[in-house]
Amino acid sequence: MEIIEIKENKKQFLPLLLLADEQESMIDRYIDRGMMYVLVDNGVKCECVVTDEGKGILEIKNIATAPEYQGKGYGKRAVREFLDYFKKKHGADRIYISVSLDNAVARKMYSDIGFREIKEIEYSYSGHLYREMQMVKHL
C-alpha cells in the first residue's frame, strides 16, 4: 500500500469525495486549502483531505473508501496509514474529525482506532441541518 499526495486536479476524485460530503459546494469550501492523499493498492482504494489548523493540529475534512472496497477492512487500515503518515510528514500531534451522529458504524470505527468523542456540533448548510460528533485523536 502506498500513500500519494494529490497536488493538482483533485476533482478527478469527485465521486469518492461525494461519498463523504453530499454536495460539491461543501467540498469546494476546503478542497483548495486542504492537502489531499490517496491510498493506492492496485488502484485507488481510499482518499483523504486534511487541513492544517496550526500548532500540530490537523483536521480530516473528507475521507472515503471506494464502494467496491467497503466492508473489507480498507477504511480502518487506510485511517491508520493516513494517521501514521500525517504524524511523520506533518509532525501532527492531534487530528480531528467530525462524523454524522447517524453514522454509528463510522463513529465506532474511529473509537476503535483511538479517537474520542468531544462534543456534538450542529450547523445548517444550504437549508439542510447537519448534526455531527467531533472526535479527536492524539498522535
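Reader: Which residues touch the most other members in the largest nonpolar core?
Author: Phe82, Tyr110 and Phe115 do, in a core of 28 residues, where a nonpolar core is a set of buried Ala, Val, Leu, Ile, Met, Phe, Trp, Tyr and Cys residues joined through side-chain atoms within 4.5 Å, and buried means under 20% relative accessible area, with exposed over 50% and partly exposed in between (1.4 Å probe, protein chains only). This is a predicted model, in which local features need pLDDT of at least 70 and side-chain atom pairs count only at pLDDT 80 or more, while totals for chains, interfaces and linings use all residues. Residues are numbered from 1 along each chain as its sequence is written, and side-chain values use heavy atoms, leaving out hydrogens and water.

Reader: OK, what does phenylalanine 115 touch?
Author: Setting aside residues up to four places away in sequence, Phe115 touches Val79, Leu83, Ile95, Ile97, Tyr110, Met135, Val136 and Lys137, contact meaning heavy atoms within 4.5 Å.

Reader: New topic: is asparagine 62 buried or exposed?
Author: Asparagine 62, which is found in strand S4, is buried, with a relative accessible area of 1%.

Reader: Which side chains does asparagine 62 join by a polar contact?
Author: Its side chain is joined to that of tyrosine 30 at 2.9 Å and to that of aspartate 21 at 3.5 Å. A polar contact is a pair of N or O atoms within 3.5 Å; within protein, one must be able to donate a hydrogen and the other to accept it, and residues adjacent in sequence count only if both atoms are side-chain atoms.

Technical notes: Helix = DSSP H or I, 4+ residues; strand = E, 2+ residues; numbered from the N terminus.
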